[in-house]
Amino acid sequence: MVTSDQRLHRVVYTSRLCEDQADVEDQVVARIVDSARRNNPRRGVTGVLVHGKGAFAQVLEGRPLVVRGLLTVIQRDTRHTDMRVVKVDVVEDRIFPSWSMALLRDLDEVPAEFAAGNASLLMLMRLRTLLHTGELGA
Ligand SMILES: Cc1cc2nc3c(=O)[nH]c(=O)nc-3n(C[C@H](O)[C@H](O)[C@H](O)COP(=O)(O)O)c2cc1C
């Protein structure tokens, strides 16, 4: 049985890079991922960040309060705007258990680690659809 202590939240959101950051998109993304990989392990947060052409889609997985706190921090980040939470699920298992924050460019090939026909590959496909259409899909 899953007690409330073991609950995880999985949040999916989208946002857009601020226009004044467009020239330095790659550096901005590198800094964001540095922060995530530094901070997320001690918070028990895992996930993936997909970006391309000034748009972000991110999955954050972790304890509900931790994820909510991190979302507040991220929302205040002036490097991006138009943050829109697309989905919040209460889940028992992580899709990205071994990633403090995986990074994927929109058009990159999906790394072999994800190509096992598993939930992480499916989620990456859905995030790409989300980036392009604004809809997460089934
Ligand atoms: C799209 C986006 C995603 C982010 N994801 C994370 C994240 O997963 N973890 C994190 O600690 N910071 C993330 N950040 C950065 C935070 O907004 C914030 O700058 C950072 O947590 C500050 O911590 P630091 O001073 O240790 O870098 C993200 C920012 C953006 C714009």
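Let's start with H51. H51 is buried, because 24 other C-beta atoms lie within 10 Å. Buried here means 20 or more other C-beta atoms within 10 Å of a residue's own; exposed means 12 or fewer; partly exposed is in between; and C-beta atoms are placed from the backbone. This is a predicted model, where local features need pLDDT of at least 70, side-chain atom pairs count only at pLDDT 80 or more, and totals for chains, interfaces and linings use all residues. Residues are numbered from 1 along each chain as its sequence is written.

H51 sits in strand β2. Strands are DSSP runs of E with at least two residues, helices are runs of H or I with at least four, and both are numbered from the N terminus. What does H51 touch, leaving aside neighbours within four places in sequence? V29, F56, R105 and D106. Contact means C-beta atoms, placed from the backbone, within 7 Å. R105, in β5, is also the bridge partner of H51. By contrast, 24 Å separates the C-alpha atoms of H51 and V91, which are 40 residues apart along the chain.

β2 covers residues 46–52. Six of its seven residues are buried, so β2 is largely enclosed by the rest of the structure. β2 pairs with β5 in the parallel sense, over four bridges. Pairing requires at least two DSSP bridges between two strands. V50 is bridged to L104 in β5. With β3, β2 pairs in the antiparallel sense, over seven bridges. There, G47 stands opposite L60.

The β2 and β3 hairpin has two residues between the strands. K53 lies in that loop. Phi of K53 is near 50 degrees, a positive value in a residue other than glycine. As background, most residues other than glycine have a negative phi. K53 counts as partly exposed, because it has 13 C-beta neighbours inside 10 Å. D82 is another non-glycine with a positive phi, about 55 degrees. D82 is in strand β4. It is exposed, because it has 11 other C-beta atoms within 10 Å.

Step back to the whole sheet. It is open, with five strands in the order β4-β1-β3-β2-β5 and mixed pairing.

The protein has three helices and five strands. From the N terminus, the elements run β-α-β-β-α-β-β-α. The radius of gyration is 14 Å, which agrees with the value near 14 Å for a compact globule of 138 residues. That radius is taken over C-alpha atoms, and the globule rule is 2.2 Å times the number of residues to the power 0.38. Along its principal axes the C-alpha trace spans about 50 × 30 × 25 Å. Of the 138 residues, 26% are buried. Among contacts with a separation of 6 or more, 73% join residues 24 or more positions apart.

On to the core. The largest nonpolar core has 23 residues. A nonpolar core is a set of buried Ala, Val, Leu, Ile, Met, Phe, Trp, Tyr and Cys residues joined through C-beta atoms within 7 Å. V48, V50, V59, M101, L124 and L127 have the most contacts inside it. β1 (8–17), α1 (25–43), β2, β3 (55–62) and α3 (119–133) each give two or more residues to this core. Take L124: beyond four places in sequence, it touches V48, V50, L104, V110 and F114.

F96 is in the loop between β4 and β5. F96 counts as buried, because it has 21 C-beta neighbours inside 10 Å. Beyond four places in sequence, its contacts are T46, G47, V48, V59, E61, A102 and S120.

Last, the ligand. Around it are 17 residues, and S35, A36, N39, D77 and H80 come nearest. Near means a C-beta atom, placed from the backbone, within 6 Å. Which element gives the most to this shell? α1, with six residues. α1, β3 and α2 (64–75) each supply at least two.

Definitions and conventions
Two residues are in contact if their C-beta atoms, placed from the backbone, lie within 7 Å.
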